[in-house]
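Please keep the sequence and the model at hand while reading.

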Amino acid sequence: MRFNPLHHPCTFMIAQMLNIGSGWLEHIPFAFLLIDLARPNLLVELGTYKGDSYCGFCQAIAALRLPTKCFAIDSWQGDPHMGVLPQDVLAYLRKYHDPLYGSFSTLVPETFDQAVAHFDDGSIDVLHIDGTHTFEAVQHDFQTWRPKLSDKAIILLHDTAVMDEGFGVYKFWEQIHTQYPSFEFKHGHGLGILGVGKSLPAKFAEFLEDATADPQAMRDCFAILGERNDIQCWLIGVLQALNQQYKFLNQFKQQIGVPADAAMEDFQQALKDPFAYATRMTRELQVLISDDVALRKHILQNPQPGK
Ligand SMILES: C[S@@+](CC[C@H](N)C(=O)[O-])C[C@H]1O[C@@H](n2cnc3c(N)ncnc32)[C@H](O)[C@@H]1O
């Protein structure tokens, strides 16, 4: 094997944007690696939603200080499988994305068919297709965007392992994967990787050859790395639940004459030191089961340990 993940430490970064329930969580380590292997000049994503995959690409580009330009294209209106999206999804993503990645990345609220005209033929080095998942839609997106791909181009197709009613990426993958150098991760709903360009980046080509030579080893490695994001997301879910309770606790504090603690309601702040946050919150929430008002006041006014 020539591919050695230790030569690509960005693979092991902690993902900064994780949304509970995202089907992409387990592929973020590979997104990090792909950016290092491909070092694209131009990356385009079709289907961004809350931004888990896209912010994974952007995080690696920022960490590696690459000159890559990125575009996330989504109507942010939803599709037959997602249903209609809540109205604030794009605004929420912008709030997170723009300060961190706005210097090199643009969120484009258009349909894929509208946006394709913005790109020159032969310009895109990495294209991630994750829009509507019917066979016809994926085939259409692939064919519409194919002329835009550079001679280094790599395509990712998500949900190649989903065979539920209406999902057809797996059928498209069956047809397309034999036409190019390719590899498929089976975990995380399946991720198909196609080396479409005639002059693939050398490190990426080595990765594909090694993955093809020992597919199970590569699949196991990235499935285990991906699981870490499930666990991290689980922790975020617990903290969100605690955070919700804390808002009630603040109301209670005010009722018994203890000043409310706005900092404890700042969830982004909490994520910087989740262990201390959880410890302190758990301790403070314990007072709710105490009948002793003096004890409650004492504990709430002396929030050590874990402040
Ligand atoms: C499965 S989600 C994308 C998931 C995302 N990659 C992630 O990491 O969570 C599919 C998205 O594609 C968008 N979409 C589907 N078909 C589209 C089209 N033809 N034009 C624009 N957006 C589309 C939907 O609005 C939805 O947000």
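A residue counts as near a molecule or strand if one of its heavy atoms lies within 4 Å of it. By that criterion 22 residues surround the ligand, and the closest are Gly47, Ser53, Asp74, Asp130 and Thr132. The model is predicted, so that local features need pLDDT of at least 70 and side-chain atom pairs count only at pLDDT 80 or more, while totals for chains, interfaces and linings use all residues. Residues are numbered from 1 along each chain as its sequence is written, and side-chain values use heavy atoms, with hydrogens and water left out.

**Ligand contacts**

- A polar contact is a pair of N or O atoms within 3.5 Å; within protein, one must be able to donate a hydrogen and the other to accept it, and residues adjacent in sequence count only if both atoms are side-chain atoms.
- A polar side-chain atom of Asp130 lies 2.7 Å from a nitrogen atom of the ligand, and for a polar side-chain atom of Thr132 the distance to a ligand nitrogen is 2.8 Å.
- Phe112 takes part through a polar backbone atom, which is 3.1 Å from a nitrogen atom of the ligand.

**Pockets**

- On a 1 Å grid over the protein atoms alone, a pocket is an open set of points where a 1.4 Å probe fits, with protein on both sides within 12 Å along at least five of seven lines, and lining residues have an atom within 4 Å of a point.
- The largest pocket has a volume of about 740 Å³, where a volume is the space filled by probe spheres set on the points, which are joined across faces, edges and corners.
- Its lining consists of 20 residues, of which Gln16, Ile236, Phe267, Gln268 and Leu271 lie nearest the centre of the largest pocket.
- The second largest pocket holds about 600 Å³ of space.
- Of the 30 residues that line the second largest pocket, Tyr49, Asp79, Met82, Asp130 and His133 are the closest to its centre.

**Cysteines**

- The structure holds 0 disulfides, a disulfide being a pair of cysteine sulfur atoms within 2.5 Å.
- Cys10 is in no disulfide, and the nearest cysteine sulfur, that of Cys221, is 13 Å away; Cys10 is also buried, with a relative accessible area of 7% (buried means under 20%, exposed over 50%, partly exposed in between, with a 1.4 Å probe and protein chains only).
- For Cys233 the closest cysteine sulfur, in Cys55, is 13 Å from its own sulfur, too far for a bond, and Cys233 counts as buried at 4% relative accessibility.
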